[in-house]
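Okay, thanks for letting me jump in. Let me put the model up on the screen, and then I'll talk you through it.

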Amino acid sequence: MSQFTVLFQKEWKESVRSLKWVWIPIVFILLGIMEPITTYFLPQILESAGNMPDGAVFQLPEMTPGQIFGSALGQYQFIGMLIIAFAFSGLVAKERKNGTAAFLYVRPLSYSSYILSKWSNSLLLLLASFVVGISASAYYIHLLFGEFSLAKFFGMIGIYSLWIVVALSMTLLMSALFSPGIATALSIFLIVFFPMIDGLILRYWPWTPWKLYSYAAMLMAGDAPNADLWWTIAIAVLLVIVCVTLSILIAKKRAAKVTL
Amino acid sequence: MEAALTDIPWALVAPIILLQFILLLVALIDLVRIPATNGPKWLWALIIVFGNIIGPIVYFIVGRRTQ
């Protein structure tokens, strides 16, 4: 058995034992289905919860399925990313802190399989959860708001999945670089807050990977994909490669300093 | 009041309630079986039960102590 397979199995067992394979899919499904349901029943919710004067009528805009997908993605963009930052920023940092890393480092270890096993296992979990969650969302949107283009739906899944890969790779790099607390804080900045301010400070540069979320939402709302999208995808892939390579190099460099 | 209860489209809302319940149950079972948590166990039980969806999530992220 190769080293990667062994380490992958270790990661797999750990994510099963820590119940990540239970709670993350459930939360992602909930995020996906709550958005269409609350939007659909908003008039009734307002009526029963708000102190509206008698006879007050207000017109809620008619929502298209594409817009609902956009707001469902918004849920993943905020709560989903917070979960990634909190649950995965300890991947390397925590092992270094509690001594598992030292235990591993004394063996003749391939650092690329060490990092790649963590990366691929977390990715499998996150992408599976996202696809299941957004599919549940699609089921409700189809039921409550009507038809949508299946081709665009798959396009949206592809673009947003790439963003999840970028977010996880940056979190992994932070985890390789810093202690658990700092890694979490920096990951939150990079994948939760930076996407929010990206539109302001990098407004005239359309190719940042932080805009993948907007491109995914725009695609679903009806815009045809343009050249900007392809450049963004290329840069995002490049960023992922850089983050993972750096993580491997840092793990290797840190290993030399470990003393027992 | 009765009319309001039957107005709720249970077929649509049931999956949400079911999933939330599973999440709560898994968190509570784990809390009982785990040897130690970050902070007192009874506090985590309260957070899980009354924290809606966020309670179990916070427990899984912060509360479980990995040795």
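So, first question: how far apart are the end C-alpha atoms of residues 21-42 of chain A, and what percentage of the span is helix? The ends lie 32 Å apart, and the span is 95% helix and 0% strand.

Before going on, the housekeeping. This is a predicted model, where local features need pLDDT of at least 70 and side-chain atom pairs count only at pLDDT 80 or more, while totals for chains, interfaces and linings use all residues. Residues are numbered from 1 along each chain as its sequence is written, and chains are lettered from A and ligands numbered from 1 in the order in which they are written.

Back to that span. UniProt, in an unreviewed entry, annotates "transmembrane region" at 21-42, 73-93, 123-141, 153-178, 185-205 and 229-251 of chain A. Positions are in the numbering used here, feature names are shortened, and annotations may be inferred rather than shown by experiment. For residues 229-251 of chain A, the end C-alpha atoms are 33 Å apart, with 100% helix and 0% strand.

Is A:A72 buried or exposed? It counts as buried because it has 26 C-beta neighbours inside 10 Å; the cut-offs are 20 or more other C-beta atoms for buried, 12 or fewer for exposed, and partly exposed in between.

What about the nonpolar core, meaning buried Ala, Val, Leu, Ile, Met, Phe, Trp, Tyr and Cys residues joined through C-beta atoms within 7 Å? The largest one has 73 residues, and A:V27, A:I84, A:Y160, A:A167 and A:A216 touch the most other members. Helix 8 of chain A, residues 150-177, gives the most to this core, with 15 residues. Among the partners of A:Y160 are A:L73 and A:A216.

On to the interface: 13 residues of chain A contact 16 of chain B. Helix 2 of chain A gives the largest share of the chain A side, nine residues. That side has twelve nonpolar, one polar and no charged residues, with Ala, Val, Leu, Ile, Met, Phe, Trp, Tyr, Cys and Pro counted as nonpolar, Asp, Glu, Lys and Arg as charged, and the others, Gly among them, as polar.

Finally, chain B has four helices and zero strands, and buried residues make up 16% of its 67 residues. B:R64, in the segment after helix 4 of chain B, touches A:S18, B:I34 and B:T37, not counting residues up to four places away in sequence. B:R64 is partly exposed, with 18 other C-beta atoms within 10 Å.

Technical notes. Helices (H or I, at least four residues) and strands (E, at least two) are DSSP runs, numbered from the N terminus. Two residues are in contact if their C-beta atoms, placed from the backbone, lie within 7 Å. A nonpolar core is a set of buried Ala, Val, Leu, Ile, Met, Phe, Trp, Tyr and Cys residues joined through C-beta atoms within 7 Å.
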